[in-house]
Amino acid sequence: MQAVEVKNFLESKLPGTQIEVEGEGCNFQLNLISDELAGLSPVKRQQQIYAHLNEWIASGAIHAVTMKFFSRAAWAERS
């Protein structure tokens, strides 16, 4: 599995969310930039992402995912 596949898939499921994906094979680091997601509790944010990735996780296509969530303002401050 390629990072671009994960990025394109999640962006299609989460309109308005900018997603940066690093990694390859079955281990990925996700940076999710969205004011909507940033406003949710940490558990709710992760639940939303895992709901979309569960099929790939169950099949073994994705083994490990780490996630960081940013508001648009917080992401802009990093750059």
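Which residue of β2 is the bridge partner of Val-21? In this predicted model the partner is Leu-30, helices (H or I, at least four residues) and strands (E, at least two) being DSSP runs numbered from the N terminus.

Residues are numbered from 1 along each chain as its sequence is written. Because the model is predicted, local features need pLDDT of at least 70 and side-chain atom pairs count only at pLDDT 80 or more, while totals for chains, interfaces and linings use all residues; side-chain values use heavy atoms, with hydrogens and water left out.

**The sheet**

Strands β1 (residues 18-24) and β2 (residues 27-33) run antiparallel and are joined by seven bridges, where two strands pair if DSSP finds at least two bridges between them. Glu-24 has Asn-27 of β2 as its bridge partner, and the two strands form a hairpin with two residues between them, Gly-25 in the turn having a positive phi of about 75°. The open sheet has three strands in the order β1-β2-β3, with mixed pairing. β1 and β3 (64-70) stand at the edges, each with a single partner strand, so one side of each lacks a neighbour in the sheet. From one strand to the next the twist averages 15°, angles running from 0 to 180 degrees between N-to-C directions, with axes fitted as lines to C-alpha atoms, for helices over the stretch in contact.

**The helices against the sheet**

Helix α1 packs on the sheet, touching β1 and β2, and its direction makes about 155° with that of β1, contact meaning heavy atoms within 4.5 Å. Helix α3 lies across β2 and β3 and runs at about 135° to β3. In α1 (residues 3-13) the buried residues are Ala-3, Val-6 and Leu-10, buried meaning under 20% relative accessible area, exposed over 50% and partly exposed in between (1.4 Å probe, protein chains only). Seen down the axis of α1, these residues fall within an arc of 65°, so they line one face of the helix; the arc is that of the directions from the helix axis to the C-beta atoms. Their cover includes β1, β2 and α3 (42-59).

**Residues around Glu-11**

Glu-11 forms a salt bridge with Lys-7, the closest N and O atoms being 3.0 Å apart, under the rule that a side-chain nitrogen of Lys or Arg lies within 4 Å of a carboxyl oxygen of Asp or Glu. The two residues are four apart in α1, and are therefore separated by about one helical turn. Thr-17, in the loop between α1 and β1, touches residues including Glu-11, Leu-32 and Arg-72, not counting residues up to four places away in sequence.

| Residue | Relative accessible area | Class |
|---|---|---|
| Thr-17 | 10% | buried |
| Lys-7 | 24% | partly exposed |
| Glu-11 | 27% | partly exposed |
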